[in-house]
Amino acid sequence: MPVTDLATDATLDRDTGDLRSRILTIAERLFREMGYRKTTVADIAACLRMSPGNVYRFFPSKKALNEAVAERLLRQIETELRCIVADTGMSARERLRRFVLTMHAMSAGQFTANRRMHDMVEVAMAESWEVIHAHIGRVEELLVALVAEGARNGEFRVSDPRAAARCVQTAVVRFCHPALIAQCADREQPTIEEMTDFLMTGLRAE
């Protein structure tokens with residue numbers, strides 16, 4: 001293939017990726033402002049000054065668009081968590097504490113502070129469980145790596161890092177699951193700080 005053709009293909013790929021990203025950005029903004037159920041593909045297309053058909057080139061349905069927005073938001077959380085795991089300037093114990101607190105803060109900020117976004121995530125959890133399930137799996141792998149490191153350096157007393165990581169993930173689900181965050185907001189419950197202290201005590205090596 002001539003070099004000029006390769007350059008043209010690269011430009012088209014970049015333009016296509018940029019347009020897809022713009023569609024997601026506008027969709028997320030309208031979901032926040034109008035709500036997922038009230039936002040139509042036509043609304044998104046109008047903001048981009050294009051036809052709905054152009055949106056459907058990238059997303060065959062509104063459900064697919066919702067999945068992509070939800071995954072984008074979940075990936076943002078994962079990026080922050082991955083940075084925490086990689087920060088070897090802190091002990092594994094300190095990173096695990098920050099990991100749990102960050103996961104809660106970002107979940108609450110992304111999905112419950114704005115009621116309209118909370119509705120979007122509820123739809124995603126009901127209709128697009130594969131996106132949520134994949135996110136849970138990626139978070140689990142980050143936790144496994146962190147707990148395993150803590151076990152190797154003597155900070156944590158665990159024989160099975162994956163089992164311990166899953167226990168941590170299960171223990172904090174009430175602080176990260178959008179529906180549970182909202183439903184438990186007014187109930188007398190342990191705080192995220194109290195739960196984190198409890199987990200640290202359970203993992204601590206004697």
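Let's start just after helix α7, where G154 takes a positive phi of about 85°. R49 sits in the loop between α2 and α3. Is R49 buried or exposed? R49 counts as exposed, because its relative accessibility is 84%. The cut-offs are these: buried is under 20% relative accessible area, exposed is over 50%, and partly exposed is in between, with a 1.4 Å probe and protein chains only.

A word on the source. This is a predicted model, where local features need pLDDT of at least 70, side-chain atom pairs count only at pLDDT 80 or more, and totals for chains, interfaces and linings use all residues. Residues are numbered from 1 along each chain as its sequence is written, and side-chain values use heavy atoms, with hydrogens and water left out.

Now the overall picture. The protein chain has 11 helices and 0 strands. Of its 206 residues, 42% count as buried. Next, contacts, meaning heavy atoms within 4.5 Å. Take those between residues at least 6 apart in sequence: 69% of them join residues at least 24 apart.

Back to α7. How far apart are its end C-alpha atoms? They are 34 Å apart. The rule for the expected span is 1.5 Å times one less than the number of residues.

In α6 they are M117, H118, M120, V121, V123, A124 and M125. Here is a general point about helices: an α-helix has 3.6 residues a turn, so residues three or four places apart point the same way.

On to the cores. A nonpolar core is a set of buried Ala, Val, Leu, Ile, Met, Phe, Trp, Tyr and Cys residues joined through side-chain atoms within 4.5 Å. The largest one has 31 residues. Those with the most contacts inside it are I23, F31, I44, F59, L65, V69 and M120. Helices giving two or more residues to this core include α1 (3–34), α4 (62–86) and α7 (129–152). Apart from it lies another core, of 27 residues, among them V168, V172, L199 and L203.

Let's zoom in on F59. Leaving aside neighbours within four places in sequence, F59 is in contact with R20, I23, L24, A64, L65 and A68.

N66 is next, in helix α4. N66 is buried, because its relative accessible area is 1%. What does N66 touch, beyond neighbours within four places in sequence? F31, Y36, M120, V123 and A124.

Two of those names form a pair. F31 and Y36 are both buried. Rings of Phe, Tyr and Trp (its six-membered ring) pair if their centres lie within 6.5 Å; planes under 30 degrees apart are stacked, over 60 edge-to-face, and the rest tilted. By this rule there is 1 aromatic pair. F31 and Y36 make it, edge-to-face, at 5.2 Å centre to centre and 80° between the planes.

Y36 has a charge over its face as well: K62, at 4.4 Å from the ring centre. To count, NZ of Lys or CZ of Arg must be within 6 Å of the ring centre and within 35 degrees of the ring normal. The charged end of R174 likewise sits over the ring of F175, 4.5 Å from its centre.

Last stop, R166 in helix α8 (residues 161–171). R166 counts as partly exposed, because its relative accessibility is 44%. Its side chain makes a polar contact with the side chain of E140, at 3.1 Å. A polar contact is a pair of N or O atoms within 3.5 Å; within protein, one must be able to donate a hydrogen and the other to accept it, and residues adjacent in sequence count only if both atoms are side-chain atoms. R166 and V139 are 27 residues apart along the chain, yet their C-alpha atoms are separated by 9.9 Å.

Key. Helices (H or I, at least four residues) and strands (E, at least two) are DSSP runs, numbered from the N terminus.
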